[in-house]
Amino acid sequence: MQVVIAEDLALLRDGLTRLLRDNGFDVVAAVSDGDALIHAVSTEQPDIAIVDIRLPPSFRDEGVRAALELRRRSPNTAILVVSQYVELTYATELLSDGQGGVGYLLKDRIMDVADFIDAVRRVAGGGTALDPEVVAQLFSGQKEGPLEELTPRELEVLGLMAEGRSNAAIAEQLVLTVGAVEKHIANILMKLRLPPSDTDHRRVLAVLAYLQGREDD
Amino acid sequence: MGRLLRPLVSWDTYRAFAYYVATVVLGSVALAVLIAGWTITLVLAITPLVVPLLIGLRFGVGALAGAEGGLARGLLDVNVSPQMESPAAGFWARGFAVLKDPTFWRQQAHLLLGWLIAIVALAPFSLGIQALAIPLYYDSVGGVDFGWRTVDTRGEALALVPVGLALIVVGIYLLAAWRKLSRGLARSLLAGDGGRIVRSPEETSARRLRALTITSLISTAIVVALVVIWALTGQGYFWPIWPLLGLSLVVGIPGWVILVLERREISRFTLGSQALAIQIGVSAVIFGFLVAIWAITTRGYFWPIWPAFGLALLAVGHAAVVYGRRQHRIERLERSRAGAVDVQESELRRIERDLHDGAQARLVALGMSLGMAEQALDSDPEAVRALLAEARRGAGEALEELRDLARGIRPPILTDRGLEPALTALTARSPLPVTLSVDLAERPPAAVETAAYFTVAESLANVIKHGRATRVDIGIRSQNGTLVAEIVDDGAGGADPQGPGLMGLRQRAEALEGTLQVTSPDGGPTTVRAVLPCRS
């Protein structure tokens, strides 16, 4: 699997390159700013680009802008945005085109190597990886509503669904059987009046739309 | 042919004629008002009475300009609506505000220039009508004397009839040109501030210098011409001294004003006040003018001492006002700077302690875990696994603490995107329903953004903590070069403005020379209002 990395700090760029190579990825380019990223992606056509948010020259949200630009230009390249901080606003923007193959994670998550590699593969395969912190921001904005009807276990499952995890991954994380997870999910969708979705990514979008729709009330 | 005859049959011509007739009348009234008003005002300039007089004059000029605006709208088809500024607060400030109000001066200029143009535009008509009437009355007055000849026969009188008619026709054709001039004059002098052209400082300064140069050149030319005339006409008494003196005022006063405006360092000698520098300089010019008059006239009793005394008294009064204001400002700055230093000091202390007790301690523990793992590498692989997992957890916690710390200094999204997205993100996380309206003309300075953000964040946290509120309204807007942040909740009120949270916000605002107001009557609602200047 071919990867392009955009990260301005050499220490992290080299570390990430080594970590991905050790796990069998082919890092075809490692660049340090948004323009170089767009150039590298258009020449290499990798499966996924891993992009830091703060990049030169402005050190603001260059990475998000570059990622949105890449979504338009090279829809076949998945994008995983990593950052020292997460903002719901950026997550919403990254997911706004409704296509899969998008991730947004804190750099902290890289330390759990197995989980991080799983997220990279998931995103490259057209799925979604949203940081638990983003999901927590979504939940903290909730005013009263049908969410209160969910049991604590169902809330946990909803959170993992929003992160983009598959039923099997949710089952493993919560130490449940896949059957039990499916039952929980059916209950959640019924209580929130959401339609069942065919892919994990559609499911993420539905859950996010639901959670954000509530904000505007 | 049609084109040529159009001015004679055009309705606009006769409306313009009506406009000039009305303007001559109105302008004469205006002239009387201005002469009387300014004379009284100047005579009473050193008494407090000058303020009500100025305000009265302002209203008089405003009303007359309003009437001229109405005439111009109705008869010249120009869209102007003369306006008056709302008066400033404070007794003396109101008087100064009148003098500083550019529309006041532009309206007076229009009253005078409009009157002059009307007289010139109507002159051919009045001469023409006079010529037409001569055949009717030349006999009864025993001939009309034109200076170079006297009209006293029927033939001569009748010969004037075509002259009169020609004058009136010429007047009608000229009306179109006058009408154009008057429309431009009304548009540039009577339109409200909407018509004011915004110029860059460089352009303004170039225009000022150009105007001064032109004034000086014209004045010099006039003086030279007069001296030549004096020399050619038998010399004798050197009368050109009088126009010379007058023109020296015309050049000297604007020259000094422009010099003060262009060279800021001059006002360093006058407590930083350009107005005071201008006043002192203009007083000196006037004094010099009076001394010159004294010197070339009687030379007896030194009467200029009295106006000099009055001018000096005015300057001293003005200086006292400037000094008082400056002291007040210095005191306020010192107070707020001390507050800002306090805020910064306690913030730095908090950050240092957070780093020391949090991230640093965690990194030490992480290093210890890694060291122990290294030791156990050969003997106990199971223990190594546990130690490494612990190390990773520690690193994760250190990161989290550092992130919270960074967010408390300045939230990343505020840096990335600015105030509105940052506040949208903040309010989206609030458990209470919040309405947010942001209306900013341009992005404020970073320090103002940060202060506004934390004012909203802290107030919102307060509301959630004990407001017993069901909703919060947040408004951010630009107003006269300041940013106004207002947070209103429908809670029970009774917030303590002296509490540490609000005190911190007040110091934050004062450090930027802004203010923070809290109104929180028992029973609510509570309003927190921060006004933060955006100019650097």
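Two strands count as paired if DSSP finds at least two bridges between them. Strands (E, at least two residues) and helices (H or I, at least four) are DSSP runs, numbered from the N terminus. This is a predicted model, where local features need pLDDT of at least 70 and side-chain atom pairs count only at pLDDT 80 or more, while totals for chains, interfaces and linings use all residues. Residues are numbered from 1 along each chain as its sequence is written, and chains are lettered from A and ligands numbered from 1 in the order in which they are written.

**Exercise 1.** Work out the strand order of the open sheet in chain A, and find its edge strands.

*Solution.* Start with the order: the six strands run 2-1-3-4-5-6, with parallel pairing. Next, look for strands that pair on one side only: these are strand 2 (26–31) and strand 6 (128–130) of chain A.

**Exercise 2.** Trace the bridges on either side of strand 3 of chain A.

*Solution.* First take strand 1 of chain A, which runs parallel to strand 3 of chain A and is joined to it by four bridges. Here Val3(A) has Ile48(A) as its bridge partner. Now turn to strand 4 of chain A: five bridges link it to strand 3 of chain A, again in the parallel sense. On this side, Ile48(A) is partnered by Ala78(A).

**Exercise 3.** Is strand 3 of chain A buried or exposed?

*Solution.* You need the cut-offs: a residue is buried if 20 or more other C-beta atoms lie within 10 Å of its own, exposed if 12 or fewer, and partly exposed in between, with C-beta atoms placed from the backbone. Five of the five residues of strand 3 of chain A are buried, so the rest of the structure largely encloses this strand. Then check face by face: Ile48(A), Ile50(A) and Asp52(A) are buried on one side, and Ala49(A) and Val51(A) are buried on the other.

**Exercise 4.** How do helix 3 (residues 50–76) and helix 4 (residues 91–100) of chain B pack?

*Solution.* Axes are lines fitted to C-alpha atoms, for helices over the stretch in contact, and angles run from 0 to 180 degrees between N-to-C directions. The angle between these two helices of chain B is about 40°, and their axes are 9 Å apart. That makes helix 3 of chain B oblique to helix 4 of chain B, because angles under 35 degrees count as roughly parallel, over 145 as roughly antiparallel, 65 to 115 as roughly perpendicular and the rest as oblique.
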